Amino acid sequence: MPRLPYSASSRAFSHLAQIHPELTAFRRDLHANPELGFEEKYTAARVSEALRLCGVDEIHQGIGKTGVVGVIRGHKHGSGRMIGLRADMDALPITEQGNCSWRSGKQGLMHACGHDGHTAMLVGAARYLAETRNFDGTAVLIFQPGEEGYAGAREMIQDGLFERFPVDSVYAMHNWPAMRQGMIGINPGAMMAAADRIQINITGKGGHGAHPYQTNDVVLASAHLITAIQSIVSRNVRAIDSAVISICALQSGDLAAFSVTPGSSTLVGTVRTFNPDVQNMVERRLGELCQALGLAFGVNAQLQYERSYPATINTAEEAVFAGDVASDLVGEALVVRNMDPSMGAEDFSFMLQQKPGAYLRLGQAVGDDIIPLHNNRYDFNDDVLPLGAALHAGIVERGMPLALG
């Protein structure tokens, strides 16, 4: 067995380090066969077969369209406790540029966010927990589809996930390329921001570029609106709060029509916040700016504001508990308990709206050459597979301890 380039200490980790090559092979197979949200048929089948071979007690398929849930009962279950562990399974519509032998076999699709690794880590935890069952209660392993913009967590919840499996708490983790491998991060509060989509449709009066006085220029109006939008955060959000508004696309006119003033323009972007009051204020101010734009430039500006994912907010008690499990595993010096929140978003937030729980980050960086998530050259670091699986297992064993005697 090759030596791992970091240290960890637990019975689960020692056990899982022995099957590291198997976990790696499983992860790389998933990487080579990426699937988008709600299309994870191959992935769900591989997970289900792996759970069957692991000897879990129950396997439930098709929850939230393509989701899979495995159930493992401990040596005792008189405590009535039930803990959920979640991993996401879907890939992204990106063409992979890496040269690894396990690179994506599907043009235009790749695991650019490490969900293949998340799935493999939870399968590893399933194997260990099913073999040892050193806990008093029930472990519920949730393999979720459609995290990348499809709200698969919400889909599973609406499909009765927590009615069928009434967990007391739920946990998830995400690999983090900016943090050194062997480190684990958490925060007893916000971990990821709410993600909202905005679209602003501006209509005016087009005409000849040589006679702009005969038009209501939507391009000029769009430029002023983009500039004005930047004042919302700088002048309406308290400095101790956080918000991001980004206009990421502008479409108007025809590049071949250099002398034609268009009659319509569309702006698309995103809003990221942690505080619902700030989120409400941003939506209100965007609407007010659109109304004012109409008065100022003689155009019509209609705002479409879509709330996609809520903020991912850990509950304090469960965050401290998960941090303690991490500390037992890697040592307190390698646990970051006040991890800075990310303005990225995560649909695990829907589960945390329903149940207490915590979302952790698992470091995977090696050296200074950091390839970020959603990059076409990204690949999951297989060396952290046993560590992530052991962290999952530790949450179950420590959260539902098996009493002696």
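Predicted model: local features only at pLDDT ≥ 70, side-chain atom pairs only at ≥ 80, totals over all residues.
Student: OK, how much space lies in the largest pocket?
Tutor: The largest pocket holds about 620 Å³ of space. Its lining is made of 29 residues, and those closest to its centre are Glu 148, Gly 149, Arg 272, Tyr 309 and Ala 345.

Student: And which strands each supply at least two residues of that lining?
Tutor: Those are β5 (169-180), β8 (194-203), β12 (264-273) and β13 (300-309). The biggest contribution to the lining of the largest pocket comes from β13, which gives four residues.

Student: What volume does the second largest pocket have, then?
Tutor: The volume of the second largest pocket is about 240 Å³. Among the residues that line this second pocket are Pro 177, Gln 364, Arg 377, Tyr 378 and Phe 380, and by class its lining has seven nonpolar, three charged and two polar residues.

Student: Switching to helices: at what angle do α2 and α3 pack?
Tutor: Helix α2 (residues 20-32) and helix α3 (residues 41-54) pack at about 165°, and their axes are 10 Å apart. An angle over 145 degrees counts as roughly antiparallel, so α2 and α3 are roughly antiparallel to each other. The crossing of α2 past α3 is right-handed.

Student: Which residues of α2 and α3 make the contact?
Tutor: From α2 they are Phe 26, Asp 29 and Leu 30, while α3 brings Tyr 42, Thr 43, Arg 46, Val 47 and Ala 50. In terms of class, this contact of α2 with α3 has five nonpolar residues, two charged and one polar.

Student: And how do the axes of α4 and α11 cross?
Tutor: The axes of helix α4 (residues 115-132) and helix α11 (residues 385-399) come within 8 Å of each other, and they cross at roughly 50°. That angle makes α4 oblique to α11, and the crossing of α4 and α11 is right-handed. The contact includes Gly 117, Ala 120 and Tyr 128 of α4, together with Gly 388, His 392 and Glu 397 of α11.

Student: How do the residues of the contact of α4 with α11 divide by class?
Tutor: They divide into 10 nonpolar, five polar and one charged.

Note on methods: Residues numbered from 1 in each chain as written. Heavy atoms only, no water. Axes fitted to C-alpha atoms, helices over the stretch in contact; angles between N-to-C directions. Parallel < 35°, antiparallel > 145°, perpendicular 65-115°, else oblique. Left-handed = near helix turned anticlockwise from the far one by under 90°. Contact = heavy atoms within 4.5 Å. Nonpolar A, V, L, I, M, F, W, Y, C, P; charged D, E, K, R; others polar. 1 Å grid on protein atoms, 1.4 Å probe; cavity = no way out; pocket = protein on both sides within 12 Å on 5 of 7 lines; lining within 4 Å. Points joined across faces, edges and corners; volume = space filled by probe spheres on them.
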